[in-house]
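Hi there,

Here is the structure I promised to pass on. Have a look at it first, and then read my notes below.

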Amino acid sequence: MVEKINQIEKETLDELSKVKSLDALEEIRVKVMGKKGSMTEILKSMKDLSVEEKKEVGKVANIAKTKISEAIDAKKEELENQGGSDKFFDYTYTLPEKVGTYHPITKVQQEIEEIFQGMGFMVDYGNEVVTEFENFTSVNVPEDHPARDMQDTFWLDNGELLRTQTSAQQVNVMKKYGAPFKAIVPGRTFRNEKVDASHENTFFQLEGMLVDEKVSVANLIYFMRELLSKVLDEKDLEVRLRPGFFPFVEPGFELDMKCKLCGGKGCRTCKNSGWIEMLPCGMIHPNVLKAGGIDTEKYSGFAFGLGLTRLAMMKYGIKEIREMNSMDIRKLGQIR
Ligand code: DAH
């Protein structure tokens, strides 16, 4: 019997030294030490031995059992540290390295967020579902004023609406940060439009505001030019202001950029004017500052509303607005 035990010990230790996976290790453990294992069977059969024999065989068996258990534990630790299960090696790595890509609008948005954060602006996203007060009243659009129809609105049953403009967040931001502050609000906006090649009912805007002492139109022009020249990678970008009307700014402007395709000579892209309409902006109306709890004697500010969808199309040369929502990921991945 002692011989049998020694043989099992030797064979098992030998097998253990060659084991390469946790599964195979477990198999050996069960074969030797399990309920019906070879070592277990031997120990069971000891009951028929005399007391003297039991003592002798028991001693040998205990030593062998301990040795085998220790060897199994050591092997287990070694294999676990290598992550060594057969199953692990069964995986085949067929997935391509890169499966996703950012949408052009996301890329432009991230880029602009970085530019403005570099200039000390807070980034605030606001909500897509807003109150009528936020979307209209707070930004100086009076009740029953035709301006409320200027943008066809998706109204919700509870009287709230899908914001038609990121301007809906202006007063919230003023209340949140207090003057002086600098903030941008990038996000999705909604208009109840008929969808065709050049109209979508969901698009992206980026609102910007700077409120401080002695803010002037010159500051507005500086920041707008900085923004456009960085995003479009143009060093000597020329811009101009034309008057424009928006209830929340006074004076209000349309900021145009010199057409980079024709250098201002006039071409199809700029409809022969030499200029491209880029972003509406202006000095924040005192009524809006007041709604935001800002002291209009001390502070003034500018605001602008950049159309991210349009900017992304310009930057990446995408011609149809529909392409922005239906674009195939292989095409998106190629956009640089
Ligand atoms: N909210 C306006 C729109 O959606 C865009 C806009 C114009 C925002 C002038 C502004 C601004 O902050 O000053 O058409």
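A word on naming before the findings: helices (H or I, at least four residues) and strands (E, at least two) are DSSP runs, numbered from the N terminus. Please keep in mind that this is a predicted model, in which local features need pLDDT of at least 70, side-chain atom pairs count only at pLDDT 80 or more, and totals for chains, interfaces and linings use all residues. Residues are numbered from 1 along each chain as its sequence is written, and side-chain values use heavy atoms, with hydrogens and water left out.

Let's start with the salt bridges (a side-chain nitrogen of Lys or Arg within 4 Å of a carboxyl oxygen of Asp or Glu). The structure holds 14 of these salt bridges. One of them joins the side chains of Lys18 and Asp14, at 3.3 Å from N to O. These two residues are separated by about one helical turn, because Lys18 and Asp14 lie four residues apart in helix H1. Is Lys18 buried or exposed? For the terms, buried means under 20% relative accessible area, exposed over 50%, and partly exposed in between (1.4 Å probe, protein chains only). Lys18 is exposed, with a relative accessible area of 56%, while Asp14 is partly exposed at 41%.

In helix H10 (residues 217-231), Glu226 and Lys230 also meet in a salt bridge (3.1 Å, N to O). Salt bridges that share partners also join Arg240, Arg242, Asp256 and Glu277 into one network.

Next, the sheet. Seven strands form an open sheet with mixed pairing, in the order S1-S4-S5-S9-S8-S7-S6; two strands pair if DSSP finds at least two bridges between them. S1 (122-123) and S6 stand at the edges, each with a single partner strand, so one side of each has no neighbour in the sheet.

S7 (residues 249-258) is mostly covered, with seven of its ten residues buried. On one hand, S7 pairs with S6 (residues 239-243) in the antiparallel sense over five bridges, and Pro243 has Phe253 in S7 as its bridge partner. Five residues lie between S6 and S7, which form a hairpin. On the other hand, S7 pairs with S8 (residues 275-284) in the antiparallel sense over eight bridges, where Leu255 stands opposite Leu279 in S8.

S5 (residues 202-212) and S9 (residues 300-307) are antiparallel partners as well, over eight bridges, and Gly208 has Phe304 in S9 as its bridge partner.

Enjoy exploring!

Terms used:
Contact = heavy atoms within 4.5 Å. Axes fitted to C-alpha atoms, helices over the stretch in contact; angles between N-to-C directions.
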